[in-house]
Every structure is written in structure tokens, then in C-alpha cells.
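Here are my notes on this model, as numbered points. Please read them with the structure open.

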Amino acid sequence: MHGEYKVPGGKLVVVDLDEVDGRIQNFRLAGDFFLEPDDALPLIDEAVNGLPADSDAATIAAAVRRALPEGAVLLGFTPEAVAVAVRRSLARATSWDAYEWQLIHTGPETPQMQLALDEVLTNEVGEGRRKPTLRIWEWNEPAVVIGSFQSLKNEVDPDNAAKYGFEVVRRISGGGAMFMDANSVVTYSIYAPAALVQGMSFADSYAFLDEWVITALKSLGIEAFYQPLNDISSVKGKIGGAAQKRLGNGAVLHHATMSYDMDGEKMTQVLRIGREKMSDKGTTSAAKRVDPLRSQTGLSRAEIIDRLIATFTGLYGAVPDSITASERAAAEELVRTKFATPEWIGRVP
């Protein structure tokens, strides 16, 4: 069995092993990491060999840590990263380059249609009718997108939402509310087989699926990094946040929104966000514009999207694609029966 795990912001960890009578055998660790002293590598191999094949990541990491000699230095990886690679190998996880990726970047859709497309396209990947896909959203009208489990009345001021023309919609993934003013954010969705993140914790999978974004932002001069659980951040504050939903048919939806240029004062009127939470997200004043991508790059929103697409395509070889007629019809039906209904939007009053 073979497993790989690229540590977000770090190095590649590669493991090969056999499973014999319920135990790990012939374990070999490799990668482009740095490890001192040299003789620590066979000690790690020895520590993992013989462990039960159903050992969880914490057990594997603890075994690796105990085997390290005093003063050992691990650069670009950790015992936890070794554990993730082991679990991925045992679960027969796949890697990015195992798939032919598609890229969808078309014209604006209504807020309800955006959310319906997320559900439909994820389902299509799970059913094997669509190849794994990255979709870049386009907006030409404002909306508030609340998480699947958020209380509508606790998150949104309905009077101010109506005053500023913000439609309130609910997505299928968890997490917090997204303030989506027209042309003020950069949003994308990844529709992938769950095998891509097999063997990872939810926390690990968030950073793993957004690592290409960190790479793109760094190429634009932003000192970006991932802040667990689900924030894309920089030394100047939060840039965006991600959310996930895993379907029963073996597909995962991962989507994220990053702030390009938003009116912070308007956001605090539409969303019921206190000053303390705004400060936690890297905004010192509610009246300040939330513009990490614009202010840190000086580029247009379109130029930033072009860099994101170029980075993803360069790393994973994505080819342009479009929404099929049947996918659009299914999404339109979901809008009618689910996403536009008061029952769904108010499922948590």
C-alpha cells in the first residue's frame, strides 16, 4: 500500500507498507522533508512496523514521537503528518494527480442557483457522471449565505437585509454566514471523490484542499497561511473561510469565500455580528472596508481569479468545462423544491 500527504505549507510525506494479519509490515517512510539525525529515519520505520492496521492517527503519531532520539529535528513534517500518510495508505486514498480535473468559470448565477449547483455537481461526481471539478462563482447581486445549521434570526437582521437588497439563502454545508456583496468576494467550490481526503481528519482535509489557494496567494505577494479549522488568513488578518459537506455517495463538497473588497459597516448592519467577533476576524473597526485581497495585491478581482485558475491548472492540469443541460435542469428543480422554499431557508428559525 502506498500513501502520500503534502503537509500544508510543508513537505511531502510518502509511505509504503504491507498489511499482514491485521498489522503494518515492511513500513518505509520517504519524502522531501528534512530530518536530523539521519539514523532517526530507520527508528521511525521500526516504530510503525508491527502496529495494528486499525491504529488511529493519534496512536501512530505517538509511536513515531516516542521513537525519535532526543534533540531530533523534523523540518517540513511532523509525527502527525506521518500518521496521516499511514492512514491514507491503509484507506487506499488517492492524490490530486489521480484525476482529470475540470474547471468551470462561467457567467453569474442567482444565489439560490449557486447553492443548488453545488449540491448537483457534488452528487454528479459521487455518481461518476462528472469528473472532479473546480468551479469559480460569479455574482452580480448581493446575498447572505448562512450555514446549514445556523439560526436565521440569530444571524441576519431582516430589515437591513431588505434595505440593502441582500437575499438570504442557506447552503448545505455547515459553518458561518457569508456576506456576499456583488463583485466583492472570490468564491470557489471543489467537487471531488471522498477518496482524495480519505484517512484525513476534517481539520487536515480543509488545509489540504485549500493548499493550492495558499500557493496562489503567496505568488501574489500575500503572506497567506491556513488557520485551523477553516480560515484562510494572512499576517494582516483573515482573508476568507471554507466549509465542507460529504455526501453518502462518496463525494465531498469543499467551498470557500475570500473577501476582495466589502463594506464592513454594511456587513455589521445586515449580519448580527458584534465588535468582538469583527476583531477576531482581523477587522479593528466595523466601519472599515474588509478588503484583504484588494489592499494586499492592488489587483482587480478578475486578475486575482486568473491567478487562482492558473495556479490550480498548473498544479493539477484542469481543463475548461461547463455545466451540462441536465445538471442545470436538476439545479433549477432543486431551487424550486428546496433552496427557494421558506422551509429550507428557515429550517433553523
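This is a predicted model: local features need pLDDT of at least 70, side-chain atom pairs count only at pLDDT 80 or more; totals for chains, interfaces and linings use all residues.

Where is Asn26 found?

1. Asn26 sits in strand β3. Phi of Asn26 is near 55°, a positive value in a residue other than glycine. Its relative accessible area is 44%, so Asn26 counts as partly exposed.

2. Strand β2 (residues 12-20) and strand β3 (residues 23-31) run antiparallel and are joined by 7 bridges. Val13 stands opposite Gly31 of β3. The hairpin leaves 2 residues between β2 and β3. In that turn, Asp21 has a positive phi of about 50°.

3. Arg92 is another residue to check. Phi of Arg92 is near 55°, positive although the residue is not glycine. Arg92 is placed in the loop between α3 and β6 (102-104). With a relative accessible area of 59%, Arg92 is exposed; the cut-off for that label is over 50%.

4. Next, the cis peptide bonds. The bond from Glu36 to Pro37 is cis, with omega near 0°. Pro37 has its place in the loop between β4 (34-36) and α1 (40-48). The bond from Pro228 to Leu229 is also cis, with omega near 5°. Leu229 lies in the loop between β12 (224-227) and β13 (231-234). I would like both bonds mentioned in the text.

5. Now the division into domains. The protein is split into domain 1 (2-91) and domain 2 (102-346). Their C-alpha centres lie 34 Å apart. Domain 1 puts 9 residues into the contact, and domain 2 puts in 10 residues.

6. Which residues touch the most other members of the largest nonpolar core? They are Val86, Trp96, Trp101, Trp212, Ile232 and Met258, in a core of 69 residues. Helix α3 (residues 79-90) gives the most to this core, with 7 residues. Domain 1 (2-91) and domain 2 (102-346) both give residues, so the core lies between them. As background, nonpolar side chains in soluble globular proteins tend to be buried together.

7. Setting aside residues up to four places away in sequence, Met258 touches Val185, Val186, Tyr188, Val213, Leu217, Ile232, Ile239, Gly240, Leu293 and Leu308.

8. Is Leu308 buried or exposed? Leu308 is buried, with a relative accessible area of 1%; the cut-off for buried is under 20%. Helix α12 (residues 301-316) holds Leu308. Neighbours within four places in sequence aside, Leu308 is in contact with Val186, Trp212, Val213, Ala216 and Met258. The C-alpha atoms of Leu308 and Ser259 are separated by 14 Å. These two residues are 49 residues apart along the chain.

9. Helix α4 (residues 111-126) passes a simple length check. It has 16 residues, so at 1.5 Å a residue the helix should span 22 Å. Its end C-alpha atoms are 23 Å apart, which agrees. The helix is mostly covered: 14 of its 16 residues are buried. Just after α4, Gly128 takes a positive phi of about 80°.

10. Finally, the sheet beside this helix. α4 lies across β8 and β9, running at about 15° to β9. An open sheet of 3 strands has the order β9-β8-β10, with mixed pairing. Its edge strands are β9 (167-170) and β10 (178-180), and each pairs on one side only. Neighbouring strands of the sheet are turned by 20° against each other on average, with direction ignored. Strand β8 (residues 143-146) pairs with β10 in the antiparallel sense, over 3 bridges. Val145 has Met178 of β10 as its bridge partner.

Definitions and conventions. Residues are numbered from 1 along each chain as its sequence is written. Side-chain values use heavy atoms; hydrogens and water are left out. A nonpolar core is a set of buried Ala, Val, Leu, Ile, Met, Phe, Trp, Tyr and Cys residues joined through side-chain atoms within 4.5 Å. Buried means under 20% relative accessible area, exposed over 50%, partly exposed in between (1.4 Å probe, protein chains only). Helices (H or I, at least four residues) and strands (E, at least two) are DSSP runs, numbered from the N terminus. Domain bounds come from an automatic or database domain assignment. Contact means heavy atoms within 4.5 Å. The expected span of a helix is 1.5 Å times one less than its number of residues. Two strands pair if DSSP finds at least two bridges between them. Axes are lines fitted to C-alpha atoms, for helices over the stretch in contact, and angles run from 0 to 180 degrees between N-to-C directions.
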